[in-house]
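Open the structure in a viewer and keep the selection tool at hand. The stops below say what to select and what is there.

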Amino acid sequence: MSSDFKLFVGNLPPDATEDEIYSRFKEYGTINEVYLMSGGRSRSGQSSAFVKYYDTESCERAIAAMHMAGKLRTQDRDTVVVKYAKSQARRSAPYIHSPGPPVSTGMGGRPHHTPSQPTHTAGCKLFVGGLPDFVDRDDLIAIFCPFGHVESVHLMQGKSKSGQACAFITYQIPGPAEVAIRELNGRYRMEESSVISVRYVLVMRAQPCGLVV
């Protein structure tokens, strides 16, 4: 199934169901699949989903009718966000091992204890780099919510010297962060951009210095 016919639907009510989404979007074309993201609520409590059609015309009709104009239910307060799902996974990317810096040793070959070393903060917060300049919050929710409940998404303002954007993703618990790194880091690209990097946010924690004799 071509990803060209796949739509991201955001701003859905927290109790939305796949049946409701199917019923609302079927008037724009024959639906191949509806996927409501498990644990895919934003910090505001709203849900997200993917809707797959069989042709571009159906996608265009759904976007024209629903994006920032339509609602899942008549009584809903917010309109939904509907746009093409731009992200595509590159599942066959090779794994490249990057060795760490050489260890400094003292007399007798004993390693020095460094004054500080990076450790990740509870394993819940991730740094995401290598993002294209067109990325927005909905794109990031669509990428990271399938792995678990996302507590917050912070897209950094401004671009780096390379023209790429970056963001911080915080999960509710550590497990999804570990899976997201394994599945996305160096393997996931958005349209024609380079693959993204996903890693734990590091902090410097002081370590006791050992005396080497």
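The tour goes from a helix to the cores and then to the aromatic rings. Keep in mind that this is a predicted model.

**Stop 1: helix α4**

Select residues 174–184, which form helix α4. Its buried residues are Pro176, Ala177, Ala180, Ile181 and Leu184. These residues span an arc of only 140 degrees around the axis, so they lie on the same side of α4. In an α-helix there are 3.6 residues a turn, so residues three or four places apart point the same way.

What do the buried residues of α4 pack against? Show β7 (125–131), α3 (137–144), β9 (165–171), β10 (188–190) and β11 (197–200): these are their packing partners. Just after α4, select Gly186, which has a positive phi of about 70 degrees.

**Stop 2: the cores**

Next, select Leu126, Leu131, Phe144 and Ile169. Within the largest nonpolar core, which has 28 residues, these four touch the most other members. At least two residues of this core come from each of β7, α3, β8 (150–155), β9, α4 and β10. The largest contribution is that of α3, with five residues. Colour domain 1 (6–84) and domain 2 (125–200) separately; both give residues to this core, so it lies between them.

Now centre on Leu126. Apart from neighbours within four places in sequence, its contacts include Phe144, Ile169, Ala177, Ala180, Ile181 and Val198. Ala177, Ala180 and Ile181 are among the buried residues of α4 from the previous stop.

A second, separate core has 21 residues, among them Leu7, Ile21, Val34 and Met66.

**Stop 3: aromatic rings**

How many aromatic pairs does a search of the whole structure find? It finds three. Select Phe8 and Phe50 for one of them: the ring centres are 6.0 Å apart and the planes are at 65 degrees, so this pair is edge-to-face.

Then select Phe25 and Tyr28. Their ring centres are 6.4 Å apart with planes at 70 degrees, so this pair is edge-to-face. Phe25 is buried, at 1% relative accessible area, and Tyr28 is buried too, at 10%.

**Stop 4: charges over rings**

Finally, select Lys125 and Phe168: Lys125 lies over the face of Phe168, 5.1 Å from the ring centre.

How values were computed. Residues are numbered from 1 along each chain as its sequence is written. This is a predicted model: local features need pLDDT of at least 70, side-chain atom pairs count only at pLDDT 80 or more; totals for chains, interfaces and linings use all residues. Side-chain values use heavy atoms; hydrogens and water are left out. Buried means under 20% relative accessible area, exposed over 50%, partly exposed in between (1.4 Å probe, protein chains only). Helices (H or I, at least four residues) and strands (E, at least two) are DSSP runs, numbered from the N terminus. The arc is that of the directions from the helix axis to the C-beta atoms. Contact means heavy atoms within 4.5 Å. Rings of Phe, Tyr and Trp (its six-membered ring) pair if their centres lie within 6.5 Å; planes under 30 degrees apart count as stacked, over 60 as edge-to-face and the rest as tilted. A charge sits over a ring if NZ of Lys or CZ of Arg is within 6 Å of the ring centre and within 35 degrees of the ring normal. A nonpolar core is a set of buried Ala, Val, Leu, Ile, Met, Phe, Trp, Tyr and Cys residues joined through side-chain atoms within 4.5 Å. Domain bounds come from an automatic or database domain assignment.
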